[in-house]
Amino acid sequence: MVADPLPQPDSIALDEGRFYIDEAGANAAFRWLRQESPVWWFAPRGFWVVSRRDDVQAMSKQPELWSSAGGITMPSYEGHEGDRIGTQAPSIIMMDPPDHSRHRTLVSRAFTPRRVLDLEGRMREIAAESIESTPIGEPVDFVEHVAVPLPMRVIAEMLGVPDSDLDAFRRWSDAVVVQAGADANRDEGMEAIAQVFGYFAQMLAERRTDPGDDLITALLQAEVEGRALDEGEILIFCMTLLVAGNETTRTLVSQATRMLLERPDQLALLRTGTASLPDAIEELLRLTHPIRYFFRRATRDIEKHGKTIRAGDAVMMLYAAANRDETVWGDDADVLNVTRPVEPHVSLGFGQHFCLGASLARLEARILFEELLARRPSWEAAGPIEYNESSFVNGIERMPVILRP
Ligand code: HEM
C-alpha cells in the first residue's frame, strides 16, 4: 500500500488516534474526497476511505469481494465489544454469504413487514403520548422527550418486554447503545450488555414453555429446511435489534428536526402539506446519515480508481460523503430540499445487508413527524446543541427546543 500523496483535508483529522470529522468543514472535505481521491488512504489509521455513492453501492452489493465478517467498525476499535457484543455467535450484520443468506431468511420469517405494519396504531399512540407529555412553551430537551421514546418502546414491545420492566430496559438499552457507538469499552456498557443478555435469556426460556405473540416467540419458531435458530443466535439478534434500531432512528428524528429548525422555509413546506412527508424523510435520511460509515475487508487484491487495495485491507464506506455526491444530486447536494426528487441514498445500506429495519425506521419517522406537525406545529431552537462523541453515529445528546401548539 502506498500512502496517498495528496494532503489530508483539515476537517478529517486524527484526534488522539481516531478518525474524526469536523462537521463545520465536513462538506468541503467530502467534496475533496469524492473529486480528488475517491479511494483515499487514511495513513494514520491504515484504512481506505470510499466516498462516491456508486462505489459505496457497488461495494455493498459484492460481499464476495468486500467481506463483513472481518469487522464492520473501524479497525482501531478492534476488541471493541460493539462489534461482537459479548457472545460467541456473530451478529447478522457481520456475516458473509452463505451463512448470512441462511440467517437472514430465518430472521425475516419472524421480522416480517406484517409485524411492522401491525404496530402502526401503537406507534401513533406512543408518539402522541410522548409529544403530549412534553411541556409547552418552555425549553425542553427534544432528544429525551420526543426522539428517544418511540424507537425504544417499539423495540421493547416487539420483543414482548412488559411495562413493568420498561424502566430497567430503558436504562440498559441506553448504556448498550452508548457502548455500541463509543470508541472504547466502558465498564457500565459491558455491565449493561451482560444484564440485557441475562434478561433476554430468561425471556427466551419463558417463551419456550409459554409462547406469546411476540418477536422472540416468532424467532424461536422460525425454521428453514428443518433448521431453526439456536439460543445464541436469537440472543445476539435481539441485541442487534436493540442497538441497530434505537439510536439510529433517534438520530434521524433529532438531526432532521435540527435541520428543519435551521431552515424554516423547508419546515413550512411540511407544515402546509406542500411537500410529501415520505419523500422529505428520504431527503432527511440522506443528509442526516445516522450512521456515518460501515467498513468492509477486501477478500482479494482489488484495483479501484488507480489504487491497489490489498486482500485484508479495511475499507470505510463513508455514507456521509456518498450521500452528498454532486454527480447524483447536483451542485446543491449539500443543501436540504424536501421537495427534491428521490434518488437512492446509502443511509440504510444496500444489497445483502440492506437495513432489516428500514420500513420500521421510515414508518416511525413518518408517524412521529405527522403527530408533531399536527399537535405542536411551532418549533423554536432554545440553546446550544450537545453532539455525541462517536465518529460512527451522527448523534445528538441534547437539543433544547420550545414546542407550541
Ligand atoms: C434511521 C434508522 C436506521 C439507519 C440509518 C440504519 C442503518 C443501517 C445500515 C446502513 C445497515 C447496513 C449495514 C451494512 O451494510 O453493513 C443496517 C443494517 C441493519 N439494520 Fe438498520 N438502520 C436503521 C434502523 C433500524 C431499525 C429500526 C432496525 C430494527 C429494529 C434495524 C436493524 C438492522 C439490522 C438487523 C441490520 C443488519 C441486516 C443484515 O446484516 O442483513 N435498523 N442498518
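**A friendly note on a predicted model**

1. Welcome to this structure. Of the protein chain's 405 residues, 56% count as buried, where buried means under 20% relative accessible area, exposed over 50%, and partly exposed in between (1.4 Å probe, protein chains only). The model is predicted: local features need pLDDT of at least 70, side-chain atom pairs count only at pLDDT 80 or more, and totals for chains, interfaces and linings use all residues. Residues are numbered from 1 along each chain as its sequence is written, and side-chain values use heavy atoms, with hydrogens and water left out.

2. The protein chain holds 17 helices and 16 strands; helices (H or I, at least four residues) and strands (E, at least two) are DSSP runs, numbered from the N terminus. Among its contacts between residues at least 6 apart in sequence, 73% join residues at least 24 apart. Contact here means heavy atoms within 4.5 Å.

3. The buried residues of α17 are A358, L360, A361, L363, E364, A365, I367, L368, F369, E371, L372 and L373. As background, an α-helix has 3.6 residues a turn, so residues three or four places apart point the same way.

4. Leaving aside residues up to four places away in sequence, E364 touches M123, L150, P151, V154 and T249. E364 and E120 are 244 residues apart in sequence, yet 8.3 Å apart in space, C-alpha to C-alpha.

5. Next comes a helix pair. The axes of α5 (residues 120-132) and α7 (residues 149-159) come within 9 Å and cross at roughly 140°. That makes α5 oblique to α7: angles under 35 degrees count as roughly parallel, over 145 as roughly antiparallel, 65 to 115 as roughly perpendicular and the rest as oblique. Axes are lines fitted to C-alpha atoms, for helices over the stretch in contact, and angles run from 0 to 180 degrees between N-to-C directions. In this pair, R122, M123, I126, A127, E129 and S130 of α5 meet P149, L150, R153, V154 and E157 of α7. By class, that contact has six nonpolar, one polar and four charged residues. Ala, Val, Leu, Ile, Met, Phe, Trp, Tyr, Cys and Pro count as nonpolar, Asp, Glu, Lys and Arg as charged, and the others, Gly among them, as polar.

6. A second pair is α12 (residues 247-262) with α14 (residues 277-288), which pack at an angle of about 100° with axes 9 Å apart. The two helices are therefore roughly perpendicular to each other. Here L252, Q255, A256, M259 and L260 of α12 meet L284, L285, L287 and T288 of α14. The contact of α12 with α14 divides into seven nonpolar, two polar and no charged residues.

7. Finally, some backbone details. Most residues other than glycine have a negative phi, and most peptide bonds are trans. A cis peptide bond joins P97 and P98, with omega about 5°. E225, not a glycine, has a positive phi of about 45°, and E225 is exposed, with a relative accessible area of 82%. H289, also not a glycine, has a positive phi of about 25°; H289 sits in the loop between α14 and β9 (293-298) and is buried, with a relative accessible area of 2%.
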